[in-house]
Amino acid sequence: MWKGLRLSFYHMKNLLIVANWKANKTEEEAIDWLREVSSRLDRDQISNKKIIICPPCTAISAVSDFIRSNNLPFEVGAQDVSRFEEGAYTGEITVTQIEKLCNYAIIGHSERRKYFNETDDDVIAKAKLLIKNKISPILCISDIKQLDSYLERGKVIIDNASGTGIIFVYEPPSAISGGGAFHPEDPRTANENAVLITQKIGSKITILYGGSINPDNAALFFSLENINGGLVGQASLDSSSFISLLQKC
Ligand code: PGA
C-alpha cells in the first residue's frame, strides 16, 4: 500500500512527540497519568524521543513541578497563550505567566480558529511574544495557503525557524479526531506537505505531523523521511495508549 514512499530508519531517528491533552484532565488526573506512564515506561524505549506534554493551563504548574521533582524525561508546553502582554484581558493567560513553567506553547491550532475565531494575525502576534520570551512556538499549519499567509505577515517565522526555534506541525483539520467525520492524512500527502513547508521556509526545520495518530499508525507516520515526530491528541489521553504508541515507534 505504501510502495514508493520514502521511509527513513526511524529507529535511529530522533523523534519529537507532543501530547496535546486539550480540555481534558484535572490536576489530579494529570499527576496520575504521569505516575502511570513513568512507572511503566522503560527509559531505553524513549531514548530517541523528546516528549513534550501540553496539559490544560490549570495543570501546567503541577505537571511541571512533578516532572522536575521526579526527574522525569518529559518537557512541558502550554496549549495556547494570549496575544497580549499583561493587562485588562479577562480570561487570558500571558507569556510571562507561563515562561517559568514551560519551554513550548502550541499556537494556531485549528480548534482555536474554529471555536474561538482566531486569525493569522493573532497567531503571528503570539509567535512574536513567545520568541521574545524564549518559549518555542509549536506552530500548527492546516495547509500551505495558511503558511503563505503567515509568511506574508513579516519575517518572524522565517527568522526563527531553524532547529527547534519554532516547531512546525502540519495538521489538516480533517484529520483531527473527535466530532464529525475525520480520517488520518494519507502518509504520502503528509510527507509531501512537510517537504513543501520546509522548502517555503528555506532552512532545516523540525516538522511534525498531527491528526489521528494512534498506536497502530504512529510508526508509519514517524518513519516518513521528512517528518520528525507528531502532535498527538486523543491517543495521548489514556496512559496505556500513549505508552503503547511510544513503544511502537
Ligand atoms: P488527534 O488530535 O490526535 O486527537 O487527532 C491532534 C491535535 O489536534 O492536536
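Oxygen atoms of the ligand lie 2.7 Å from a polar side-chain atom of His 109, 2.4 Å from one of Ser 177, and 2.8 Å from a backbone N or O atom of Ser 212. The protein covers 99% of the 280 Å² of accessible area that the ligand has on its own (Shrake-Rupley method, 1.4 Å probe).

Residues are numbered from 1 along each chain as its sequence is written. The model is predicted, with local features needing pLDDT of at least 70, side-chain atom pairs counting only at pLDDT 80 or more, and totals for chains, interfaces and linings using all residues; side-chain values use heavy atoms, without hydrogens and water.

Turning to the aromatic rings, six pairs are counted (centres within 6.5 Å; planes under 30 degrees apart are stacked, over 60 edge-to-face, the rest tilted; the six-membered ring is used for Trp). Tyr 170 and Tyr 209 form a tilted pair, because their centres are 6.5 Å apart and their planes stand at 50°. Both tyrosines are buried (under 20% relative accessible area, 1.4 Å probe, protein chains only). Tyr 209 also pairs with Phe 221: with centres 4.3 Å apart and planes at 10°, this pair is stacked. At 2% relative accessibility, Phe 221 is likewise counted as buried.

Elsewhere, ring pairs join Trp 21, Trp 33, Phe 74 and Phe 242 into a cluster.

Terms used
A polar contact is a pair of N or O atoms within 3.5 Å; within protein, one must be able to donate a hydrogen and the other to accept it, and residues adjacent in sequence count only if both atoms are side-chain atoms. Buried means under 20% relative accessible area, exposed over 50%, partly exposed in between (1.4 Å probe, protein chains only).
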